[in-house]
Amino acid sequence: MAMEYFCAYHSYREWMTMLSDAERGRLFSALLAYSSGEAAPELSGREAVIFPAMRWNIDRDRQTYADKCERNRRNGAKGGERPPNAPQGKGEGKREGKVNPPLSEGGDARARGARFVPPTLDEVRAYVAERKSPVDAQAFLDFYESKGWMVGKNPMKDWKAACRNAEKWEQWTRPAKAPKGPQAGVQPSPEGDERAKASMERLRERMKRETMEP
């Protein structure tokens, strides 16, 4: 499934310093093509060594995005269903044609009948950036999606308030641990992360030798 963007992580900066402007341009063009679903062009320069690691990240992000879309689709399909034998609400079924009272002047965003809509990853990222918050947008989204957007035993009403509360989580103040492997459900490309790291080490050694040669 193609996305409208791909993530350029800050950790890429070290790799990019090893490339010339032309190699960076070819690498960026290849990433754009691959992330949009097209076949990546053949790379023959030093950018060919870095591309597999970045491609693996694109595959992982694409799988995460596809899983999110599938969860939203399933949740949306269940949203209008009513469980069998569910008790009726207060006054439900007693008076037909009853008109709800108008909203108070100024409007209330949490008015009766309003339905919570989970935020997108871009919305969370924008809010986190606006607040200069330590919250990881993807981790926040994954956490509450896994809980069905519940806060304790109650459905979430305001994701921005939940995001502000998440700033207090201890994990943002502890050093991040390196992941032990690909996320569950992700199928990395044949040139996996370990192979890409080994290729990067060989590239560093080759560049050191070229620099030392007269």
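Mentor: Let's begin with the ring cluster: Phe-116, Phe-140, Phe-143, Tyr-144, Trp-149 and Trp-169 are linked into a cluster by ring pairs. Rings of Phe, Tyr and Trp (its six-membered ring) pair if their centres lie within 6.5 Å; planes under 30 degrees apart count as stacked, over 60 as edge-to-face and the rest as tilted. Keep in mind that this is a predicted model, where local features need pLDDT of at least 70, side-chain atom pairs count only at pLDDT 80 or more, and totals for chains, interfaces and linings use all residues. Residues are numbered from 1 along each chain as its sequence is written, and side-chain values use heavy atoms, with hydrogens and water left out.

Trainee: How many aromatic pairs does the structure hold?

Mentor: There are 10 aromatic pairs. One of them joins Tyr-9 and Tyr-12, edge-to-face, at 5.7 Å centre to centre and with 85° between the planes. Tyr-127 and Trp-159 are also edge-to-face, because their ring centres are 5.6 Å apart and their planes stand at 75°. Tyr-127 lies in helix H4 and Trp-159 in helix H6 (residues 159-166), so this pair ties together parts that are 32 residues apart in sequence. Helices here (H or I, at least four residues) are DSSP runs, numbered from the N terminus.

Trainee: Is Tyr-127 buried or exposed?

Mentor: Tyr-127 counts as buried, at 9% relative accessibility, and Trp-159 does too, at 12%. Buried means under 20% relative accessible area, exposed over 50%, and partly exposed in between (1.4 Å probe, protein chains only).

Trainee: Which residues of helix H4 are buried?

Mentor: In H4 (residues 121-131), the buried ones are Leu-121, Val-124, Tyr-127 and Val-128. Seen down the axis of H4, they fall within an arc of 130° (taken from the directions from the helix axis to the C-beta atoms), so they line one face of the helix. Ala-129 and Glu-130, on the other side of H4, are exposed.

Trainee: At what angle do H4 and H6 pack?

Mentor: Two packed helices are described by the angle between their axes and the distance between the axes. H4 and H6 pack at about 55°, with axes 11 Å apart. Axes are lines fitted to C-alpha atoms, for helices over the stretch in contact, and angles run from 0 to 180 degrees between N-to-C directions. H4 and H6 are therefore oblique to each other; angles under 35 degrees count as roughly parallel, over 145 as roughly antiparallel, 65 to 115 as roughly perpendicular and the rest as oblique.

Key: Helix = DSSP H or I, 4+ residues; strand = E, 2+ residues; numbered from the N terminus.
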